[in-house]
Amino acid sequence: DPALDPETLRGRAFAALTTARERTALLTSVEDPELTAQHSPLMSPLVWDLAHIGNQEEMWLLRAVAGREAMRPEIDGLYDAFEHSRAERPSLPLLPPAEARKYAAEVRGRVVDVLENASFEGTGARLTQAGFAFGMIAQHEQQHDETMLITHQLRRGPAVLHAPDPEPTPPFTGPAEVLVPGGPFTMGTSTEPWSLDNERPAHRREVAPFFIDTTPVTNAAYQAFIADGGYDDPRWWTPDGWAHVRGHSLYAPLFWFRDGGQWLRRRFGVTEVVPPDEPVVHVCWYEADAYARWAGRRLPTEAEWEKAARHDPATDRSTRYPWGDADPAPEHANLGQRHLRPAPAGSYPAGESPLGVRQLIGDVWEWTASDFLPYPGFSMFPYKEYSEVFFGPEHKVLRGGSFAVDAVACRGTFRNWDYPIRRQIFSGFRTARTPEAV
Ligand code: AVJ
Ligand code: FE
């Protein structure tokens, strides 16, 4: 397989690490007080993410892969995500911005040497097979880059990040939903070289026929739910959801506010009218679930989502992405923080699935009905704190990635998860329904 040739892998790993570091630099190119401030108790100070990125890279690529000694063993505890909550991180003796930058850069310099000499062969070394550890660390940095972008969204004050808006797209004229025929499909992967443990192994799943929205739910559609009194009607909410929405006085997606007759929102330091055609974003699972019930529908299960995104009924194969096996290109999906917003619903015809479902990848993370659970045959690798400790009914699965996800951390099998109350994340949804019996 030429894709697994050592020179190709070395180039890919180098490119993925470099892309991640450029984005980290962009997200941390703010004044020192902005880096050390706590912009929200939900988030770490940006300078914590920066040094944590370097520390994880050091632990996996320098210590685990290359067998090097710890560079600064005394800081490991500060950057262990399980030792201190996000809210308490600002009061820790963190590396100041200049030191954090220097540490991350020193780690990277040594990693580049390790990568130049890596063989990627070593039969027993699963960590380095196909450059896995390098891919894992590039994904880790990109995941923290998305986390830092969330911190920027929560931050008050004028805009510091800028990006062009998505290209205008002709209005979507396709059907609102498509029928996905029933039958088994292959879920998960055993072959994607940089897939993470929770995406493995590939296994067959039986899925009954269902209808799924061809595009994510838009702000206009969500506004109709609000206007119809959706937030004041317990019929649409689960008991937990109702307790939450009342207890926290939720009335609209996070960052929305009412101004006279219209909905406005703050977005990366700029106030704008909520764009009607854009996928709704910053809703929690409870809101997504309630909207779906109001609409006479439901959230898709995780298996339904993945079948819609990967299964090609013509060949019975599961592809890497809705459009096939090719790596994501700009015409397929809104990924990688190219834009600071989702594209209008119905964008990216080149990225649609064989059945015509659009924007499954990119734009907004999509809540599913499912709890985050291991697949049959799951085996933890390489550390249980990536996913194993999070399995259980308290986390709901999100799929597909947002405009803030880099392609290296996004594919048809990729699984994200969070608490059902979370909405600072770039989360939206689409709905599904079970066909009536004939
Ligand atoms: C997979 C996005 C839930 O950000 O909490 C980062 C990824 N794991 N560092 C997170 C992660 C360890 C994780 N999510
Ligand atoms: Fe992390």
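Biologist: Which residue stands opposite W256?
Modeller: In this predicted model, W256 stands opposite R265, a residue of β6. Strands here are DSSP runs of E with at least two residues, and helices are runs of H or I with at least four residues, both numbered from the N terminus.

Biologist: How do β5 and β6 pair?
Modeller: β5 and β6 (residues 262-267) pair in the antiparallel sense, over 4 bridges. Two strands count as paired if DSSP finds at least two bridges between them.

Biologist: What is the order of the strands in that sheet?
Modeller: The order is β5-β6-β7, in an open sheet of 3 strands with antiparallel pairing. β5 (256-259) and β7 (270-273) are the edge strands with a single partner each, so one side of each has no neighbour in the sheet. From one strand to the next, the twist averages 35°, with axes fitted as lines to C-alpha atoms and angles between N-to-C directions running from 0 to 180 degrees.

Biologist: Changing topic, which residues surround ligand 1?
Modeller: H140, Q143, H144, T147, Y386, N416 and W417 surround ligand 1; a residue is near a molecule if its C-beta atom, placed from the backbone, lies within 6 Å of it.

Biologist: Which element gives the most to that shell?
Modeller: α5 does, with 4 residues. Both α5 (132-154) and β12 (415-418) supply at least two residues.

Biologist: How are the numbers and letters assigned?
Modeller: Residues are numbered from 1 along each chain as its sequence is written, while chains are lettered from A and ligands numbered from 1 in the order in which they are written. Local features need pLDDT of at least 70 and side-chain atom pairs count only at pLDDT 80 or more, whereas totals for chains, interfaces and linings use all residues.
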